[in-house]
Amino acid sequence: MEVIGPLKRVVTLLGEALDPLYADAALTGAELDVCLRLRHDPNPTIARHLADQMRHSRAAISKTLIRLESRGLITREPSPSNRRAALVRLTPEGEAAVDAIFPRQLAREAELLKGLGADRERVIEALNLLADVLSRRP
């Protein structure tokens with residue numbers, strides 16, 4: 001409880017602080033996370049790889065991709081190497097949506113974290129340690 005309680009509180013507070021950014025944006029926070037992966041990878045990918053990279057269920061990624069595709073922000077085309085998979089890539093509209101909201105998110109995150117001051121490195125080290133420990137779970 002001493003670790004998980006504050007961690008959950010931080011996640012909630014971060015969400016509350018970032019949510020207003022998406023009120024007038026073309027993307028939700030979850031959609032932006034998916035689109036960022038696509039934006040920074042020059043090659044199209046398949047949904048399964050996105051799900052694995054992001055540690056989300058395939059069903060959750062599929063639902064997000066359906067929403068993005070219906071709004072013209074991504075395309076899916078058959079994979080030449082696997083008939084059951086589709087290659088996913090951002091459209092120019094999807095790239096523009098990411099480019100519009102992501103700098104605002106980064107600025108808000110920097111604003112939120114500037115209060116850490118000299119403790120910033122300690123917090124980063126502690127969070128990385130926690131992530132490493134949790135990633136080794138069976």
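Helices α2 and α5 are roughly perpendicular to each other, a term that covers angles of 65 to 115 degrees, whereas angles under 35 degrees count as roughly parallel, those over 145 as roughly antiparallel and the rest as oblique. The model is a predicted one, in which local features need pLDDT of at least 70 and side-chain atom pairs count only at pLDDT 80 or more, while totals for chains, interfaces and linings use all residues. Residues are numbered from 1 along each chain as its sequence is written, and side-chain values use heavy atoms, with hydrogens and water left out.

**Overall architecture**

- The protein has six helices and three strands, where helices (H or I, at least four residues) and strands (E, at least two) are DSSP runs numbered from the N terminus.
- Along the sequence these elements follow the pattern α-α-β-α-α-β-β-α-α, and the C-alpha trace spans about 50 × 40 × 25 Å along its principal axes.
- The annotation "domain: HTH marR-type", which comes from an unreviewed UniProt entry, covers residues 1–135; UniProt positions are given in the numbering used here, feature names are shortened, and annotations may be inferred rather than shown by experiment.
- Over residues 1–135 the chain is 63% helix and 9% strand, with the end C-alpha atoms 19 Å apart.

**Helix α2 against α5**

- The axes of α2 and helix α5 (residues 92–113) come within 10 Å and cross at roughly 110 degrees, axes being lines fitted to C-alpha atoms, for helices over the stretch in contact, and angles running from 0 to 180 degrees between N-to-C directions.
- The crossing of α2 past α5 is left-handed, meaning that the near helix is turned anticlockwise from the far one by less than a right angle, with clockwise giving a right-handed crossing.
- On the α2 side the contact (heavy atoms within 4.5 Å) is made by Leu-32, Cys-35, Leu-36 and Arg-39, and on the α5 side by Glu-95, Val-98, Asp-99, Ile-101, Phe-102 and Gln-105.
- These residues divide into six nonpolar, one polar and three charged, where Ala, Val, Leu, Ile, Met, Phe, Trp, Tyr, Cys and Pro count as nonpolar, Asp, Glu, Lys and Arg as charged, and the others, Gly among them, as polar.

- For α3 and α4 the axes come within 9 Å and cross at roughly 120 degrees, so α3 is oblique to α4.
- The crossing of α3 past α4 is right-handed, and Ala-47, Arg-48, Leu-50, Ala-51 and Met-54 in α3 meet Arg-58, Ile-61 and Leu-65 in α4, a contact with six nonpolar, no polar and two charged residues.

**Salt bridges**

- Side chains of opposite charge can pair when their charged atoms come close.
- The count comes to nine salt bridges, each defined by a side-chain nitrogen of Lys or Arg within 4 Å of a carboxyl oxygen of Asp or Glu.
- Arg-67 forms a salt bridge with Glu-31, the closest N and O atoms being 3.3 Å apart; this pair links distant parts of the chain, since Arg-67 lies in helix α4 (residues 58–70) and Glu-31 in helix α2, 36 residues apart.
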